[in-house]
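Here's a quick briefing to read alongside the model. Keep the 3D view open and find each residue as it comes up.

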Amino acid sequence: MAAENPVESLQEEATCPVCLEYFTEPVSVECGHNFCRACISQCWEGSDTAASCPQCRETVQQGNLRPNRQLANMVEITKRLSLQAAKGRGGDGVCGEHQEALKLFCEEDQTPICMICRESRAHRAHTVVPIEEAAQEYKERIQAHLKTLREEREKLLGLKATGEGNSREYLKQIQIERQKIVSEFQQLQQFLEEQERLLLAQLEKLDKEIVRIQNENLSKLSEQISRLSELIREMEGKCQKPASEFLQDVRTTLSRCEKGKFQQPEEISPELEERVSGFSQKTIVLMEILGKFKDTLPSQLERKRGELFGAHRQVNVTLDPDTAHPNLVLSVDRKSVRCGDTGQQLPNNPERFSSWACVLGCEGFTSGRHCWEVEVGGVGSWAVGVARESVGRKGGISFSPEGGIWAVGRCRWWGGEFQALTSPVTLLPLSRAPSRIRVCLDCDRGQVTFIDVGDKAPVFTFPPGSVRGGRIRPWFFVGPGSPLRLCP
């Protein structure tokens, strides 16, 4: 059948009838037909001298092969013409080997091929379809995936927007509280400074008054001591005189001795003493007030923090043995769990995890705010968090919100880093994984927060509205060498 256009006709003339590809080192046989040197040699392999032409079956001599250089040149020209024709039809869809347009799609090799490739040994037994038909089929399949991916992106964008909105609201509330605290402390500082100045001024006045009284008393006492010393010397001299002289004017001498008796100095008045005592009481009361203020301020700040972020009720979580994977070994008080070396002989009830080493807490929550703490140990794999009560227990489990699990942890499958089990996982940039984690569940807001108990810092929060799906229970994953313990 004739080709549709001159280029295709030229391509047929430049094609070896044996390999159906462009001639490589073309040679002519006695009958005038042309073949690739390698193709004709392979056809005549095993024959001595005479052989038949693969195309017309005429007997020819093997030694009379003549290189056809003109045909070789024509093959190169044909290749260039085919490439230009393909580009002119709309692009670079050209076979790199044959310089032919890619019109077919090989289902087995999942690659576009040309017509010559279709007849080659590499693709002759494969299923091929027109390239446009294949493109349409794969476009439909990719469009279906794109729909799911777009829905997931919209969901994540919604979670991101919700989280950012909540963060802005928290930051706004914190800023308001910051302004209140600064204002209150400024007023308190001003009040204390005024009281300090007032009390110090009153103390200064008392100090001066007491010093005045003290100085006056010292002056009077010194004067009396001086007079008495002079009188004593005079009387001592009088007593040394003869009796006749001593008794002269003795009445006056006795009168002077009686008048020279010591007079008590002025005492501090009861009023002044009461004022000093009053200041002592004020100081004691002030110290008590400041002491109580220092003692209660941290608790007041903690209460205010609870008002901002919601107070969570501490719950006593215990492990549910009916859900524990056979490899997990629970303590007698059901507060600790580790991964054993071998599986235990346990009934394969519907509640039990059978594919992953997981266990649920006995407690379940549908409303309110609740929290519990978990000690994590070792350097192996572990995860803690919450899960829907209806979470899958058998077969493959997705450790992600899509699978009904909201958790943080570390695992060798995740590179050994401390991560939040989002989809995909979120690396938590901490210098070390926490050794004790507080899980804070807010059922009313659909939110769970994880806090490093060591420094009281939040490490990750699944935003409001992300935790949903009915009854929520504590969830734990335990790998070898990483025991978990629920704190009292």
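Searching the whole structure turns up zero disulfides, a disulfide being a pair of cysteine sulfur atoms within 2.5 Å. In general, a disulfide is a covalent bond between the sulfur atoms of two cysteines. Keep in mind that this is a predicted model, where local features need pLDDT of at least 70 and side-chain atom pairs count only at pLDDT 80 or more, while totals for chains, interfaces and linings use all residues. Residues are numbered from 1 along each chain as its sequence is written, and side-chain values use heavy atoms, with hydrogens and water left out.

- Cys16 is in no disulfide, and the nearest cysteine sulfur, which belongs to Cys36, sits 3.8 Å away.
- Is Cys16 buried or exposed? Cys16 is buried, at 0% relative accessible area; buried means under 20%, exposed means over 50%, and partly exposed is in between (1.4 Å probe, protein chains only).
- Cys239, on the other hand, is exposed, with a relative accessible area of 53%.

**The chain as a whole**

- The protein chain has eight helices and 22 strands. These are DSSP runs numbered from the N terminus: helices are H or I with at least four residues, and strands are E with at least two.
- Of the 488 residues in the protein chain, 31% are buried.
- Take the contacts (heavy atoms within 4.5 Å) between residues at least 6 apart in sequence: 58% of them join residues at least 24 apart.
- The chain's accessible surface comes to about 30,600 Å², and 53% of that belongs to carbon and sulfur atoms. Areas like this come from the Shrake-Rupley method with a 1.4 Å probe, and for residues only the protein chains shown count as cover.

**Salt bridges**

- How many salt bridges does a search of the whole structure find? The total is 14, where a salt bridge is a side-chain nitrogen of Lys or Arg within 4 Å of a carboxyl oxygen of Asp or Glu.
- Lys180 and Glu177 make one of them, with their closest N and O atoms 3.8 Å apart. Both are in helix 5 (residues 131-239) and three residues apart, so about one helical turn separates them.
- Within that pair, Lys180 is partly exposed at 47% relative accessibility, whereas Glu177 is buried at 13%.
- Glu373 and Arg436 form another salt bridge, 2.8 Å from N to O. This pair links distant parts of the chain, 63 residues apart: Glu373 is in strand 13 (residues 369-376) and Arg436 in strand 18 (residues 436-442).
- Glu373 counts as buried at 7% relative accessibility, while Arg436 is partly exposed at 28%.
- Arg473 and Glu389 also meet in a salt bridge, at 3.4 Å from N to O. They are 84 residues apart, with Arg473 in strand 21 (residues 472-478) and Glu389 in the loop between strand 14 (382-388) and strand 15 (405-410).
- Arg473 is buried at 7% relative accessibility, and Glu389 is partly exposed at 29%.
- Shared partners join Glu373, Glu375, Arg436, Arg438 and Arg485 into one salt-bridge network.

**Aromatic pairs**

- There are nine aromatic pairs. Rings of Phe, Tyr and Trp (its six-membered ring) pair if their centres lie within 6.5 Å; planes under 30 degrees apart are stacked, over 60 edge-to-face, and the rest tilted.
- The ring centres of Trp382 and Phe418 are 6.0 Å apart and their planes meet at 35°, so this pair is tilted.
- Trp382 lies in strand 14 and Phe418 in strand 16 (residues 418-420), so the pair ties together parts 36 residues apart in sequence.
- Trp382 is buried at 2% relative accessible area, and Phe418 is buried at 5%.
- Phe399 and Trp475 pair edge-to-face, 5.3 Å centre to centre with 75° between the planes. Phe399 is in the loop between strand 14 and strand 15, and Trp475 is in strand 21, 76 residues apart.
- Both Phe399 and Trp475 are buried, and together with Trp356 and Phe477 they form one aromatic cluster.

**A nonpolar patch**

- Leu247, Val250 and Leu254 form a nonpolar patch on the surface, with about 270 Å² of accessible area together. Patch residues have over 30% relative accessible area and no salt bridge; like charges are joined within 9 Å, and nonpolar side chains (Val, Leu, Ile, Met, Phe, Trp, Tyr) within 5 Å.
- Leu254 is found in helix 7 (residues 250-259) and is exposed, at 53% relative accessible area.
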